[in-house]
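Trainee: I have a model open and a few things to ask about it. Can we go through them one by one?
Mentor: Go ahead.

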Amino acid sequence: MFAFFRPAAHQAPLPDERVDSTYRRLRWQIFAGIFFGYAGYYLLRKNFSLAMPYLIEEEGYTRGQLGLAISAIAIAYGLSKFLMGLVSDRSNPRYFLPFGLLISAGVMFIFGFAHWATSSVTIMFVLLFINGWAQGMGWPPSGRTMVHWWSQKERGSVVSVWNVAHNVGGGLIGPLFLLGLAWTNDWHAAFYVPATVAVLVAVFAFATMRDTPQSVGLPPVEQYKNDYPEGYDESHEQEFSAKQIFVQYVLCNKLLWYIALANVFVYLLRYGVLDWAPTYLKEAKHFSVDTTSWAYFFYEWAGIPGTLLCGWMSDKIFRGNRGLTGIVFMALVTVATLVYWLNPPGNPTIDMIALFSIGFLIYGPVMLIGLQALELAPKKAAGTAAGFTGLFGYLGGSVAASAAMGYTVDHFGWDGGFVMLVSACVLAIAFLIPTLRHTKVASAGREAVA
């Protein structure tokens, strides 16, 4: 079924004098492909959240019902990110990433133009599940690309810059929605306007991405940069079987389990705030529709400088200790969440600053967990390792942020919901603490005690 995506064959080696110039050109080109390609996925990830206030007012749905429907994205995405990661490790990312983006755009067009798409919770759940599954085809091929085209010593900076694609794409949903609303006076524009942009992005990604360096006649990046991780040998350039990837390099890696469990609560906070920001700000803080859309934008784009700062601090100040860096950022995000919750209505500036601060701080730990997953498995298993932590983050954290948060607010008010979010911050820190005694062992699939 996935033969279409199989990795590209190795090409005859290029002459030595062409290696450096070709590597430099293709790395810029490929980075643009995976950056904007993955940002395109986020144009289609959380559109439903902007539509929820209208579905509550016009269609009569409860917050719990819509929370259940939107949880389909998290359930499907968690499963897909893991299973599609396994497929992606044995596939050509140039085909894999744009294909998933086109499927996701198709679902958004259905939501935008077919009125039956929002006629029942069941239909919304099914469509959002399909979208979530397609969304799982974005991260693994991006991760596979980065570990093949950038070496260990430069990968931290590359991953932190690439990671802000989350925020670029997610932040643009709000302005695109307002633009579509101004053009059409139709809240369904939250779906079909970003989907139109995503189709163009898919074409761009296909045009710019490539598979491995060997598929275009270049040597492995370790050879090109003379940067060999511990345990590296020729076997790391061979494709692994699915069993080897899953059992040897994922299930038996204890550190992956620690960061996967921490990821549950990082994602609960991330999406508990993000998914419900339009509804919470409108109901509890009395924001207008355009203001809530811009708040959504600021939350996402605040993550850009925050992620870059977190990556820099992790390398320069905490000397590669990803766990300690994550704990510091999670402690600060706990404070910002308390302010966002306890600030009384009528102080919109404080609410916006608190929301901006949460966005600034939360994406750093998200990035660090993804980076650790890439570093703790051989590059031929990187997509599966990242998918494993994503499986926990989405099936545990994001599902709770959608369904559990909705029903909690229905029964205990927004105070009950924020008790759950603050508890998530504390538990994320608790699961990051065991990682403090570990140092990274990149691409070797083992762990070392500092």
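Trainee: Is Cys310 buried or exposed?
Mentor: This is a predicted model. In it, Cys310 has 0% relative accessibility, so Cys310 counts as buried.

Trainee: And Cys425, buried or exposed?
Mentor: Cys425 counts as buried because its relative accessibility is 0%.

Trainee: How many disulfides are there?
Mentor: The count is zero. A disulfide is a covalent bond between the sulfur atoms of two cysteines. The cut-off used here is 2.5 Å between cysteine sulfur atoms.

Trainee: Which residues of α9 are buried?
Mentor: Ala189, Ala190, Phe191, Tyr192, Val193, Pro194 and Ala195 are among them. The list also includes Ala198, Val201, Ala202, Ala205 and Thr208.

Trainee: Take α1. At what angle do α1 and α9 cross?
Mentor: Roughly 155°, with the axes of α1 and α9 coming within 8 Å. Over 145 degrees counts as roughly antiparallel, so that is what α1 and α9 are to each other.

Trainee: Left-handed or right-handed crossing?
Mentor: α1 passes α9 in a left-handed crossing. On the α1 side, the contact is made by Gln29, Ile30, Ala32, Gly33, Phe36, Gly37 and Gly40. On the α9 side, Ala198, Val201, Phe204, Ala205, Ala207 and Thr208 make it.

Trainee: How far is Gly174 from Lys46?
Mentor: Their C-alpha atoms are separated by 9.9 Å, while Gly174 and Lys46 are 128 residues apart along the chain.

Trainee: Last one, Asn343. Where is that?
Mentor: Asn343 lies in the loop between α14 (322–342) and α15 (348–375).

Trainee: Buried or exposed?
Mentor: Asn343 is buried, with a relative accessible area of 9%; the cut-off for buried is under 20%.

Trainee: What is Asn343 in contact with?
Mentor: Lys285, Ile350 and Asp351, leaving aside neighbours within four places in sequence.

Technical notes. Residues numbered from 1 in each chain as written. Predicted model: local features only at pLDDT ≥ 70, side-chain atom pairs only at ≥ 80, totals over all residues. Heavy atoms only, no water. Buried < 20%, exposed > 50% of the residue type's maximum accessible area, 1.4 Å probe, protein only. Helix = DSSP H or I, 4+ residues; strand = E, 2+ residues; numbered from the N terminus. Axes fitted to C-alpha atoms, helices over the stretch in contact; angles between N-to-C directions. Parallel < 35°, antiparallel > 145°, perpendicular 65-115°, else oblique. Left-handed = near helix turned anticlockwise from the far one by under 90°. Contact = heavy atoms within 4.5 Å.
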